Amino acid sequence: MEANSTINKIAENVDFGDLVRKAYSEMGNVNIVIAGKTGVGKSTLINAVFGEDIVETGVGKPVTQTTREYKSERVPAVNLFDTRGFELGCYRQTLNELKDFIQSRKTVNPAEHIHICWYCISDLGKRYEAEEISFIEELQKEIPVILVFTQTISDDEFYHQVLQDNYSEIQNSVQVLAQRYVVRGQATVEQFGISELATKTYNLIPECSKKAFAAAQKVDSEIKKAEVKKIVSVATAAAAAAGATPIPFSDAVVLAPIQIGMLAKISSAMGLDLNEGFLSTLVGSAAGVIGATFAGRAIVSGLLKLIPGVGSFIGGSISAVTAGGLTTAMGWAYYKAIETIFDRGIRPQEISATDLADAFRESLRECDSYGSE
């Protein structure tokens, strides 16, 4: 009980609002150009990747004569730039305006840069223009471009022929069917290729945008897990460094914002609707299990630091291991708790703090040791 009380008192002194703000500020954003003729399924593709049709529901504003910017309050980390007018034969105008726009965004702040382009060609149409390939070839000198074959219902000759005819111009491509397709009222082709597109995008965009894309995309759990791994690794190193300090009982005070901040960052990376109340409820509810499982070891470590001479070194060394291990276990227990909620079919924005706290407590109880991924 004393350990639990100590942890709760420490948590009371943590600025949860500040940790939430830091989590969101570190998440950044991702800026995507989506291009192609009308009717190639751009909106359906966006909806499949992000769970919302941003182009249809967002408020678009013109950034050039042929390009509009779209944002959505429900997917705030994503900014889409939709180019239009290709079927009107204005490829060169669109390309020149887009290249100028990309250059104008290359400021000292990488969050303002244009990070990638998805160029969409419909596989159903079985047709593409030479100007489209030229557009891709020139644009990818500025930013990464993925040629997305949308509305693909079979791995047919069109895809391979386009790549064969333009093998030196096309650097990245993927076949996608963004929603289930029924062929002549009988055969059904299930959605595919969305996860591959997400993975390619994640690998091509800069590091500053990866966390934002991981949080926003709804199709590849491994992308989210990769970001969680980074977050846990950084927090573990910080906690171990804090634990190694030869100051008696300072560990818990320093560790609290590191570990609670880690939970906030994992929440944002997993796409949860995080706020101060959510985070404080989560930590307060799980504090008892954390204290019962781990606090005793941390207190023993602090007592060892009081021993004159080598006691500080021994205590500090043990505390670093304890602090790092505890942080790792907490991080992965929290990740597994979120995955448990997802497995129930609950969307990130619908997760309640109390339900997640219950899952987190159960996940913590399953930690036989300090744990890992």
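Me: How much of the chain is buried?
Reply: Buried residues make up 52% of the 373 residues in the protein chain. Buried means under 20% relative accessible area, exposed over 50%, and partly exposed in between, using a 1.4 Å probe and protein chains only. This is a predicted model, where local features need pLDDT of at least 70, side-chain atom pairs count only at pLDDT 80 or more, and totals for chains, interfaces and linings use all residues. Residues are numbered from 1 along each chain as its sequence is written, and side-chain values use heavy atoms, with hydrogens and water left out.

Me: How many helices and strands are there?
Reply: The protein chain has 14 helices and 9 strands. Helices (H or I, at least four residues) and strands (E, at least two) are DSSP runs, numbered from the N terminus.

Me: Let's pick one residue. Where does Ile34 lie, and is Ile34 buried or exposed?
Reply: Ile34 sits in strand β1, residues 30-36. Ile34 counts as buried because its relative accessibility is 0%.

Me: And which residues does Ile34 contact, apart from its neighbours in sequence?
Reply: Leaving aside neighbours within four places in sequence, Ile34 is in contact with Lys42, Leu45, Ile46, Phe81, Asp82, Thr83, Trp118 and Cys120. Contact means heavy atoms within 4.5 Å. Lys42, Leu45 and Ile46 are among the buried residues of helix α3, residues 42-50. Just after α3, Gly51 takes a positive phi of about 75 degrees.

Me: Which residue stands opposite Ile34 in β4?
Reply: That is Asp82. Strands β1 and β4 run parallel and are joined by 5 bridges; two strands pair if DSSP finds at least two bridges between them. The C-alpha atoms of Ile34 and Leu80 are separated by 6.9 Å, although these residues are 46 apart along the chain.

Me: What else pairs with β4?
Reply: Strand β3 (residues 67-70) is joined to β4 by 4 bridges, and these two run antiparallel. Here Glu69 stands opposite Phe81 in β4.

Me: Which way do the residues of β4 point?
Reply: Val78, Leu80 and Asp82 point one way, while Asn79, Phe81 and Thr83 point the other way. In a regular strand the side chains alternate between the two faces of the sheet. In β4 (residues 78-83), 6 of the 6 residues are buried.

Me: Switching topic: how many disulfides are there?
Reply: The structure holds 0 disulfides, a disulfide being a pair of cysteine sulfur atoms within 2.5 Å. For Cys117, the nearest cysteine sulfur is that of Cys120, 8.1 Å away. Cys117 is buried, with a relative accessible area of 0%. Cys90 is buried too, at 14%.

Me: What volume does the second largest pocket have?
Reply: Its volume is about 340 Å³. Of the 17 residues that line this pocket, the closest to its centre are Lys218, Lys224, Phe342, Arg347 and Pro348. Pockets are found on a 1 Å grid over the protein atoms alone: a pocket is an open set of points where a 1.4 Å probe fits, with protein on both sides within 12 Å along at least five of seven lines, and lining residues have an atom within 4 Å of a point. Grid points are joined across faces, edges and corners, and a volume is the space filled by probe spheres set on the points.

Me: Which helices supply at least two residues each of that lining?
Reply: Those are α10 (221-243) and α13 (310-343).
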